[in-house]
Each structure stands twice: as structure tokens, then as C-alpha cells.
Amino acid sequence: MKLNELKERFQHKFTIRTVASILCVALAGSGMGVCALRAQQVSAVNAVAGEEQHAAKAQDTDTQKKAEKKAEKDSLEGQLISLFDTDTEQSLDAKEETVYLITDANGSVRQTIVSNWLKNGSKNAQIKDVSELSEIKNVKGEETFTQNGSNLTWNANGQDLYYQGTTQKELPISQKVTYYLDGKEIAPEQLAGKSGSVTIRFDYTNRAKTTAKINGKKTDIYVPFTAVSGMILDDSFRNVRVNNGRVLSDGSRIIAVGVAMPGLKESLGVNEEDFDEDFEFPESVEVTADVEDFSLEMTATVAVAGLMSDSSFSERLDFQELDDTVDEMSDAMGKLKDGGGDLADGLDTLKGNMGGFSDGVSSLASGVDAYTDGASRLADGIRTLSDGSGALESGVNTLNASAKTISDGVQALDQSLHTKMTQKEQEAVKKEVGQTISAQFQKGSETYNMIYQAAVQNFEGTMKNETTVQTVQGGIQAGLQAQGLTSDGVVAALAQYYAQNGFTDAQGESYSAETCQSNVPGTETTYAAFFANAVLNGGLSSALAGGITGGIASQGAASVGEAVTGACEMAAKQAGEAAAISGAEGAKQKIAAAIEAKDAKSGHSLVSGTKALSDGTQQLAQSVPALKDGIGQLVSGANELTGNNAALKDGVAKLSNGAGQISDGVGKLDRGAHQLHDGIREFDEKAVKKIADAYRGDVKDLAERIKAVMRAGEEYRTFAGAAEDMDATTKFIIRTDGIRGEEE
């Protein structure tokens with residue numbers, strides 16, 4: 001992907017959210033087959049129910065009703081299961097597990113039955129199976145099995161096997177059903193026969209989760225269960241509405257079906273605010289209707305894991321090319337900002353020197369006249385230079401010696417910087433750091449007081465809070481019981497005392513002994529027993545518990561505060577000593593790296609540069625004799641120079657005229673360079689960084705979570721166990737009790 005294509009795609013933050021929305025909706029959509037329900041399916045339900053009813057007409061009324069209800073239940077569950085049918089291939093030998101949950105009308109499980117179908121397409125004489133079930137029995141044949149722990153060996157004789165069993169194992173998914181009449185919650189048994197606006201709400205709990213690494217961090221990922229809940233309604237239900245689902249009818253019977261995917265939002269780690277206004281994660285199902293004389297035969301829910309494991313969709317979530325492009329774009333932007341800054345700094349320097357340049361041109365113009373007069377004096381000066389060339393030679397030799405001394409010193413410095421700190425040096429650093437930190441933690445200092453007060457307040461708050469007092473109160477009551485002083489015994493003793501002496505309550509109201517001996521009106525309990533219960537259970541243990549916890553809080557707070565500040569001081573010393581030594585060593589390494597770093601233009605570091613300087617001054621010293629010969633030639637050349645005075649004056653005049661134009665041009669170039677640099681930085685802050693941050697934060701993290709959800713669905717094969725080499729699938733069917741009047 002090219003840079004301009006990336007910029008076009010990610011110009012604004014909302015674009016990132018749009019991409020995230022598409023990924024989530026595509027993921028959720030792959031498991032929501034309920035939207036494919038057709039009206040014909042409703043007709044099929046009615047047709048099956050009709051056949052059952054017709055067959056039952058010749059029977060008595062009770063038998064006929066049972067047949068009708070069974071046909072309705074089987075038809076509803078069958079249609080819900082059909083929503084999960086796919087064309088995926090399955091091996092000849094496979095295991096299909098169905099977990100039936102029989103619940104009351106609120107969804108509380110009364111019975112769990114696990115049914116297994118072992119497909120024997122290869123006609124094997126024996127089938128190896130694994131199951132954690134109890135009370136296993138063959139429900140469709142006479143085949144037997146042997147068992148070793150959870151390992152089963154069935155004598156299949158080439159046949160498919162069907163068996164059932166029970167289990168106490170915690171279910172990976174469950175549901176709660178809540179009923180509302182005219183907006184107020186109502187118990188299901190009280191709803192029977194009522195009329196009004198009824199809402200039936202299904203809430204699901206997903207307990208099956210795994211741990212996956214998302215961008216290097218451990219994250220909880222829920223197994224992607226898709227739960228489809230449905231119910232068949234008669235003509236007493238009107239204006240039926242379902243969130244996250246459909247309502248289908250053939251005119252005489254209604255099927256309400258809804259879909260939920262519990263745990264998906266948590267697994268993806270996104271908020272619904274990041275999506276379009278109408279988007280909602282399907283986490284619950286609500287069926288709302290206007291009802292006359294409410295009655296409901298039953299509801300059914302089918303839950304299946306792994307529907308979102310679309311391998312082709314997973315393959316399309318490859319962001320490697322986009323990763324590389326975003327990284328290249330960020331690197332290029334950094335280099336562009338650095339180059340723009342260097343250009344602006346260079347032009348600032350040039351602009352700052354333009355005043356001197358103009359002054360120099362003016363001085364040059366005025367000096368040219370003097371130059372012609374001084375040309376003759378130049379020749380005299382050159383001869384003087386020739387006479388002083390001996391001193392020059394001596395000075396060059398001195399410079400050469402100094403350069404060598406500098407080079408040797410830099411070499412020695414570089415060597416010392418690469419030497420580790422001695423133990424003695426480290427101890428000195430630790431001592432200085434320890435003294436500094438100890439001074440900050442002296443009693444009365446701001447640091448000491450802050451930590452001390454925070455520890456004391458936290459300790460006192462913990463000891464005096466309601467949970468702690470209640471815990472101590474429970475311990476007091478348990479202690480009384482341990483000493484043989486049961487609640488009943490203490491109550492009896494107190495009651496006897498009040499019956500003899502009377503009772504005065506916390507408000508000062510007194511009750512005579514005769515009153516304490518009489519019964520509380522409408523009960524068989526005496527006032528004395530009533531007061532004893534109130535004192536024992538309501539005040540005595542609570543007062544004792546409050547006094548105990550208050551005393552611990554007041555007496556132990558100072559010790560806790562001093563212990564916490566001492567621990568903080570010790571931790572600060574250890575961290576400070578380590579940081580100081582590490583910082584010193586780091587500083588030496590940085591200095592060494594600085595004097596060894598090579599200049600991009602010269603190719604020399606400070607170390608190699610001083611060596612080159614020493615070598616250069618040596619060569620200069622060796623070249624002085626030749627320089628002396630050149631001075632002689634310079635004398636003759638000076639004479640020729642005076643012959644060009646007229647041309648020099650003319651050139652200086654033209655240069656003086658153009659100096660102002662050069663200064664204006666440099667000013668414009670400097671302003672443009674700063675505007676360019678500011679524009680580059682603004683583009684980086686408002687576009688490039690936001691593009692990179694949004695991509696790395698939203699889209700990439702979401703894609704990794706989606707892959708993890710898919711893997712969790714693929715890996716969930718069975719609830720009660722299956723052999724590792726067996727192709728296994730499982731589904732959960734939750735059937736609630738109906739809600740009917742007594743006459744039904």
C-alpha cells in the first residue's frame with residue numbers, strides 16, 4: 001500500500017472506528033443464522049403439530065393434550081437446532097453431544113441430561129470413547145461397554161450408538177428468565193391468567209473462557225457461544241416484538257426467536273459507542289406483547305459454540321503489509337521533520353549574518369581605494385614576511401607538539417571511560433544516595449508525614465468498616481457457642497432475668513417484671529424472650545465487636561504507620577542506589593560513544609580527529625621550507641596584482657549594488673523554511689501520528705481479538721468429554737417449564 005493510499009484511508013479517527021465496526025459485524029454476522037428464518041419454517045412447525053394433534057384425536061382428552069404439547073416442544077426445538085445446520089463436512093466416525101437442561105420458568109436448572117450419538121460410519125466392531133458422565137445407559141440398542149475411569153470401549157458391532165448420562169459438572173452457559181407485567185417484575189406463577197403488556201427477558205451467562213495473548217498482553221477470551229431462544233405463541237398474544245431477532249407467523253400461530261452472543265463484547269474489548277448509533281451487541285433477548293389471559297407452554301434455547309470459526313475470514317485479517325507501511329511512514333516523517341529543522345536553523349544563521357555581509361561589502365567598496373594605495377606596501381610586507389618565515393617555522397613545530405599532546409590525552413580519556421567503576425567507587429555512590437534518601441524520610445519531614453498518615457488512615461478505616469465489625473461480631477457469637485453458650489441458652493437466661501427484674505430499653509422506657517412475664521399480643525412469645533433476643537442478636541455482639549475493632553485501630557495505627565514508612569525508605573534506598581550506579585555507568589558510556597562517534601561529513605571521531613590533527617601538523621611542519629620558497633614567488637606576484645586594480649573597483653561596485661537584493665532573498669527563503677518546518681510538524685501531529693496510533697491501537701488490537709475468539713470457538717469440542725482423535729460437536733438445549741393456570 002502506498003503512502004498516499006494510506007493517508008486517504010485513515011484521514012480521520014472515525015474511519016478507524018468504521019473499520020472496527022465492519023470487523024465486529026462481520027464476525028457476529030457469521031453466527032447469526034436466525035435472520036435466515038423463513039415463514040415456511042413456521043408453517044412446518046404447525047404442520048408437524050397438526051399431524052400430532054390429528055393422530056391424537058382418537059385418544060382421550062388428556063392423551064391428546066400431551067401429544068399436542070410434545071409435538072409443539074419437539075417442533076420448536078427442531079427448528080431452533082436447524083438454524084445451526086451447516087454444509088461443513090464431518091468425518092464418518094464422529095460424536096454429536098446434546099446437553100439437555102430442564103429448568104423451571106425462571107431458568108433454574110432442575111435436571112441435566114447429556115445425550116451422545118456415536119456415528120460409526122466405518123462400521124467398527126468397537127468404538128473408543130471418553131466421557132465424564134455418570135449413570136451411562138444405552139438408550140437405543142443392546143450394545144454394552146466396558147469402562148476404565150473416563151475411558152469407554154463400546155461393543156458397537158458396526159452400529160451407531162446412542163447413550164445418555166448425568167453430570168454435576170458446572171455448565172459453560174446458563175440463562176435467567178425474568179417476567180414483567182406492565183413494566184413491573186412479576187413471578188411466573190403469579191403471571192398465569194393475567195392480562196396486560198408482558199415482557200419476557202432472557203439473560204445469559206457465559207462461564208467458558210480462555211486466555212490469549214493480544215499484542216503481548218494476557219487477555220480473557222470467552223468461547224463464542226451463540227444462544228437462540230424461541231417460543232410458540234397462540235392468538236392471545238398481539239403486537240409481538242423481539243429485540244435481536246424475528247417474529248414469524250402463518251396467521252394462527254406465532255414463533256418469536258431471538259439471538260444473543262454472551263461474552264462477545266468483553267472478548268472484543270470494544271464499546272458500543274464506537275459504532276453506529278443503532279448498533280447493539282446481542283447479549284440478551286426480550287419478547288414483548290400485549291396478552292389476554294396469559295399462558296405459555298414452554299420456551300426453548302439452543303446454544304452452540306464455534307459458529308464464528310470462519311477460516312477464510314481469519315486469513316483476510318493479515319495486516320503485515322499495513323504494519324510495514326505505517327512503520328515506513330512514521331520513519332520517513334521523522335527524517336523529514338529533522339531535515340526541515342536543520343534547513344530552518346541554517347537559514348536563521350545565514351539571515352543573521354546578512355547584516356555583516358552588507359557591512360562587509362560596504363567596507364570592501366571603501367577599502368578598494370585604499371587597497372590600490374597599499375598594493376605597493378604589500379610587496380614590502382611580503383618581504384617582511386619572508387624575513388619572519390623563520391619564526392613561522394618555529395611556531396609550526398610548537399603547534400605540532402601541542403597537537404600530539406592533545407591526541408595522547410584524548411586516547412587516555414577514551415580508555416578510562418571504558419573501565420568499569422570499582423567497588424570502592426560504587427560504595428561511595430551508594431553512601432551518598434542513602435544519606436540523601438534518609439534525610440527525606442526523617443520523622444517530621446513532608447515525605448515521612450505523608451506516607452505515615454496514609455498508612456494510619458488506611459489501617460483505621462479497614463478496622464472500623466462495617467465488614468470488619470461484622471466479621472468480629474460473627475466470631476464473638478461463634479465463641480459463645482464454642483463455650484457451650486448457644487444463642488437459645490443465652491436468650492433463655494436473659495429472659496429469666498427480665499421476668500424477675502424487669503427491662504429498660506435503650507430509649508429509657510421501662511417494662512415491669514409482670515409485663516416481661518406476659519406474652520406479646522398476637523404471639524406465643526413473652527416480652528422477656530423478645531427483649532433477650534433483641535439484646536443478644538441486635539446489640540450485644542455488635543457493641544462488643546465495635547469496641548474490639550476500635551481498640552485495635554487506635555492502638556495499632558502508630559506501629560503500622562512506622563512500619564510502612566520504614567519499608568518505603570528501604571525500597572527507595574535500594575532503587576536509588578541501583579539507579580545512581582547505573583546512571584554513572586551510562587554517563588561514561590554516553591561520553592565514550594560521543595568522543596568515538598564519527599562525523600558524517602569528515603568521517604572522523606574526536607579520538608581519530610585529534611590523531612589526524614597531530615599527523616596534519618607534522619606534515620605542516622615538514623612543508624614550511626616549501627612555504628618559504630613560495631613567499632619569494634608571492635613577492636613577484638604582488639607586483640602583478642596591482643595591475644588589476646581598475647577591474648577590482650568595478651566588481652566591488654556591482655557587488656555593493658546587489659547586496660540588498662541578496663539580503664531580501666535570504667529573508668524570504670528563511671520565512672519559507674520556517675513555514676515549511678511548521679507545516680511538516682503540524683501534518684505529523686494531526687495526521688501521521690494519529691493514523692499510526694489509531695491503527696496500532698484500534699484496528700490491529702481488534703483483529704487479534706477476533707482471531708482469538710475464532711480459535712476459542714474451534715477448540716471447544718465437548719462438554720462431557722470426547723476422544724482426542726474423534727471429530728466432536730456439542731450443543732446445549734435449555735427447556736423451561738410452562739406457565740399455566742390451575743385449570744390447565
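Guide: Two strands pair if DSSP finds at least two bridges between them. Strands (E, at least two residues) and helices (H or I, at least four residues) are DSSP runs, numbered from the N terminus. This model is predicted: local features need pLDDT of at least 70, and side-chain atom pairs count only at pLDDT 80 or more, while totals for chains, interfaces and linings use all residues. Residues are numbered from 1 along each chain as its sequence is written, and side-chain values use heavy atoms, with hydrogens and water left out.

Visitor: Over how many bridges do β14 and β17 pair?

Guide: Arg 241 has Thr 288 in β17 as its bridge partner. The two strands, β14 and β17, run in the antiparallel sense, and the number of bridges is four.

Visitor: What is the order of the open sheet of five strands?

Guide: Strands of a sheet pair through backbone hydrogen bonds, either parallel or antiparallel. In this sheet the pairing is antiparallel, and the order of the strands is β9-β8-β10-β17-β14.

Visitor: Which strands stand at the edges of that sheet?

Guide: An edge strand here has a single partner strand, so one side of it is left without a neighbour in the sheet. Neighbouring strands of the sheet are turned by 30° against each other on average, direction ignored, where axes are lines fitted to C-alpha atoms (for helices, over the stretch in contact) and angles run from 0 to 180 degrees between N-to-C directions. The strands at the edges are β9 (184-186) and β14 (237-242).

Visitor: Which residue in β17 stands opposite Ser 197?

Guide: Strand β10 (residues 196-206) pairs with β17 (residues 284-291) over eight antiparallel bridges. Thr 199 faces Thr 288 in β17. For Ser 197, the residue opposite is Asp 290.

Visitor: How many of the residues of β17 are buried?

Guide: Buried means under 20% relative accessible area, exposed means over 50%, and partly exposed is in between (1.4 Å probe, protein chains only). Strand β17 is mostly covered: of its eight residues, the number buried is six.

Visitor: In the open sheet of three strands, what is the order?

Guide: The pairing in this sheet is antiparallel, with the order β3-β6-β5. Its edge strands, β3 (126-130) and β5 (145-148), each pair on one side only, and the twist from one strand to the next averages 20°. Read across, the order is β3-β6-β5.

Visitor: What is the bridge partner of Gln 147 in β6?

Guide: Strand β5 and strand β6 (residues 151-155) are antiparallel and joined by four bridges. In β6, the partner of Gln 147 is Leu 152.

Visitor: How many salt bridges does the count come to?

Guide: A salt bridge is a side-chain nitrogen of Lys or Arg within 4 Å of a carboxyl oxygen of Asp or Glu. Arg 201, Asp 203 and Glu 286 are linked in a network of such bridges. By the rule, the count is 12.

Visitor: How many residues apart are Glu 170 and Arg 207?

Guide: Their salt bridge has its closest N and O atoms 3.7 Å apart. Glu 170 lies in the loop between β7 (161-166) and β8 (173-181) and Arg 207 in the loop between β10 and β11 (209-214), so the pair links distant parts of the chain. Glu 170 is exposed at 58% relative accessibility, whereas Arg 207 is partly exposed at 38%.

Visitor: In which helix do Asp 408 and Lys 404 lie?

Guide: Their side chains meet in a salt bridge of 3.3 Å, N to O. Asp 408 is partly exposed at 42% relative accessibility, and Lys 404 is partly exposed at 46%. The two are four residues apart, about one turn, in helix α9.

Visitor: How far apart are the end C-alpha atoms of helix α9?

Guide: The expected span is 1.5 Å times one less than the number of residues. For the 29 residues of α9 (residues 389-417) this should give 42 Å, and the model agrees, with its end C-alpha atoms apart by 42 Å.

Visitor: About how much accessible area does the nonpolar patch of Phe 357, Leu 364, Leu 655 and Ile 662 have together?

Guide: Patches are made of residues with over 30% relative accessible area and no salt bridge, where like charges are joined within 9 Å and nonpolar side chains (Val, Leu, Ile, Met, Phe, Trp, Tyr) within 5 Å. Leu 364 is partly exposed, at 40%, and helices α8 (320-387) and α17 (645-715) each supply at least two residues of the patch. Areas come from the Shrake-Rupley method with a 1.4 Å probe, and for residues only the protein chains shown count as cover. Together the four residues have about 300 Å².
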